[in-house]
Amino acid sequence: MSTKPHILVIFGSTRQGRRGEAVANWLMDRLTLRTDATFEFVDLRDVSLPFFDSPASPVHGHIAPEAEQWAEQVEQADGFIFVTPEYNHGYSAVLKNAIDHLYSQWAHKPAAIVSYGGFAAGYRAAEQLRQVLIELKMVPIREQVGVSLVPNWVPNVSDASTSPGGAFLNRSFNGMMTELLWWATTLIPARERDRLSQD
């Protein structure tokens, strides 16, 4: 059994002209430098999920045929980083829809949040998302990265690493990853014990 976590990075915006690609690219540039985990990027534009309308709830194990590939991707992950915009003080509908198609595949896995938006840097969306993750038996970690997309407002992904904004983002990122990978590594054997006990 490998204890090197596999982390799914889920980009939760499909909006035309989305500005979050700069944030997603900033994040992936940093993740590719790490050797303590593997990282898989998922753009929800590429995940073909209809609006959730199944008569049976995923909490009872039912997976709609159109969500089977998505379920397999999430099942294989040991943890998640959600990259989410803030729309009207909340996170995106497409991200909620992708989450709602599944249930047990999320359980007992840690999740980090990289949020982005205006002056609030997406923190209000992150707080709403955390409530949903808890309901899915996930472990949303405290540390997060919040990015402002307001020009000349910090922290911004265009900030140099030596600037106050860039230094703040680096500290936030490093703290987030330390916690995420601690939880991911810790929970891998716990989930394996659960699986073996059910066989």
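**Surface, fold and cores of the predicted chain**

The structure is a predicted model, with local features needing pLDDT of at least 70, side-chain atom pairs counting only at pLDDT 80 or more, and totals for chains, interfaces and linings using all residues. Residues are numbered from 1 along each chain as its sequence is written, and side-chain values use heavy atoms, with hydrogens and water left out.

Five helices and six strands make up the secondary structure (DSSP runs numbered from the N terminus: H or I of at least four residues for helices, E of at least two for strands). Along the sequence they run β-α-β-α-β-α-β-α-β-β-α.

Turning to the interior, 49% of the 199 residues are buried (under 20% relative accessible area, 1.4 Å probe, protein chains only). The largest nonpolar core holds 30 residues; such a core is a set of buried Ala, Val, Leu, Ile, Met, Phe, Trp, Tyr and Cys residues joined through side-chain atoms within 4.5 Å. Among the elements giving two or more residues to this core are strand S1 (6–11), helix H3 (93–100) and helix H4 (123–135), and H4 gives the most, with five.

Ile 99 is one of the residues with the most contacts inside this core. Beyond its neighbours within four places in sequence, Ile 99 is in contact (heavy atoms within 4.5 Å) with Phe 82, Trp 106, Leu 129, Val 132, Leu 133 and Leu 136. A second, separate core has 28 residues, including Phe 11 and Leu 181.

Note on methods
Buried < 20%, exposed > 50% of the residue type's maximum accessible area, 1.4 Å probe, protein only.
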